[in-house]
Amino acid sequence: MKTLTLIAVLFFTTCAQVFAQQQPIPSLVGKGTSTQLIVHGKPYLLLGGELGNSTASDPAALRQYWKRFQELNLNTILVPVYWELIEPEEGKFDFSLLDTVLVNARKYKLKVILLWFGAWKNSMSCYVPGWVKKDDERFPRARTKEGRSQEILTAFSRANLESDKKAFLALMEYLKKADSKHHTVIMVQVENEIGSIPDARDYHPLAETAFQAPVPSELLKRLQELRENKTLSTHIDTLWRTSGYKTYGTWKEIFGENVYTDELFMAWYYATYVEELAQAGKAVYALPMFVNAALPRLGRKPGQYPGAGPLPHLMEVWQTAAPHIDMLSPDIYFPDFERWCTLYTQRENPLFIPEARNSHEAAANVFYAIGHAHALGFSPFAIEHVDPQNGRLAQAYSILAQLTPVILEHKGKPTMDAVLLTKDHPVDTISFGEYTMVASYEPNDPYARKPLEEDAKGACLVIQLSTDEFLVAGSGVILTFHSNVASKPNAGILSIDEGRYEKGKWISGRRLNGDESHQGRHTRLPYFEFKIHNVKLYQYH
Ligand code: DGJ
């Protein structure tokens, strides 16, 4: 009997090991008009949260939050890896902080995205090790126009790049060893919010030499192709036009002498730097990799904002210089959330939002990002400070987690859309074949338990299941339905059922054909709770 048990245990352990070894590495694949993240061989919807900068530097500080991440219904956390803490002494690596993250993430059934706080973190070099900071001869700094050295490593030094790359590769090698059977870590962000400040460009002598050199032909070739296809951005076209579209010369000769040329130049060299890390990192362990951007305020110029990062007006440059970077990702803290989503879905860029304000609006924005912009995922910043009980995010994520299989099926197709409404943008419409839906902002919840936030947002995601059947999910929105069929110009509601998904199966709850739908005139998603409705429509003359 004992022998049988032993054989059975050995058999199942071997099967589990073989299964684990066969698990494909996370990847990105195109789906319809969007991109799908694949984890353990299956599409994955990333309901994330990014840790505040310092929490992961101390396991004791992080320990108290693991349960909270579950209560918030997250499936992924974004966690910094600090160069100074993994390589406190040159060439001696310590991954114990990362081990704690991996062990706990597995225990709490979470996936992890690592943020490489290497040479740059929000333009600065605050996370480079002390031995780098203190050796400014070996590791040169960026300089201002006046020649003042900054606490910023210059992107033009081989020594800076090599040391950063060595540490990054040590991380990727460690990940391969420690995690390739689990795939707890599903993506890696390379550096953090790269940008040039306080000037639009670096004036270190090495940077000067590059600035006086010809613009790389690889970039000009790509810009020419884009121009021929009429897909060159107006921004770059305007700069280039000043030289009559010259195809050989220095940055100044080709794009003119101004801060935007400086920015273009820096973008190219930041991107080629990052490309070298990503390419080498993927050769070790090919996880999807991305870079994130600090977005500029309207009306500011490069240098006044951290210039040259992976910004929408520099996409052509970043995409050309860094083909091993899979996406350019916006950190959206501004209120015009929709605009940034649109800008970051240009040029086939897969949308992922690694940072966003963690206020109540996050709970609405995530519906828009996923439902309208077909994002891979969303992740508010400083997630450990979000209260699962009082905040709206836990509810929103719960609904989205239930809907995940349906969302992933409809991702990249015209059968999924969403609206985001505020008091200043109170009405929007979306259409699905034979029906048009008018969405109105409805913050007045008849069952309101607390006053509405000043900048409350309503959000509603709609998925068309068949010609006449829709899933409607969100909060703070009233939807009315209209027929697009001339012979039957009216749309009626057959039924509205609220309900939930359990393990991908729809469980119907209350039928809402009375007061809750104003006797069949509309469907209403109350502001103070997130709901899913199954709505069946019909048309009549
Ligand atoms: C954006 C950065 O990427 C984060 O690391 C953090 O500094 C936040 N800003 C703070 O708002």
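So, helices here are DSSP runs of H or I with at least four residues, numbered from the N terminus. Axes are lines fitted to C-alpha atoms over the stretch in contact, and angles run from 0 to 180 degrees between N-to-C directions.

Quick note on the model: it's predicted, so local features need pLDDT of at least 70 and side-chain atom pairs count only at pLDDT 80 or more, while totals for chains, interfaces and linings use all residues. Residues are numbered from 1 along each chain as its sequence is written, and side-chain values use heavy atoms, with hydrogens and water left out.

Okay, first stop: H9, residues 217-228, packs against H10, residues 234-241, at an angle of about 110°, with the axes 12 Å apart. That makes the two roughly perpendicular, a label for angles of 65 to 115 degrees. Who meets whom? From H9 we have Leu-220, Leu-223, Gln-224 and Arg-227, and from H10 Ile-236, Asp-237 and Trp-240.

Glu-228 also sits in H9. Is Glu-228 buried or exposed? It counts as exposed, because its relative accessibility is 62%; exposed means over 50% and buried under 20%, with a 1.4 Å probe and protein chains only.

Now the inside. A nonpolar core is a set of buried Ala, Val, Leu, Ile, Met, Phe, Trp, Tyr and Cys residues joined through side-chain atoms within 4.5 Å. The largest one has 155 residues, and Phe-69, Trp-251, Phe-255, Trp-318 and Phe-367 touch the most other members. Helix H12, residues 259-284, gives the largest share, 14 residues. Apart from that core lies another, of 25 residues, including Val-472 and Tyr-527.

Note on methods
Angles under 35 degrees count as roughly parallel, over 145 as roughly antiparallel, 65 to 115 as roughly perpendicular and the rest as oblique. Contact means heavy atoms within 4.5 Å.
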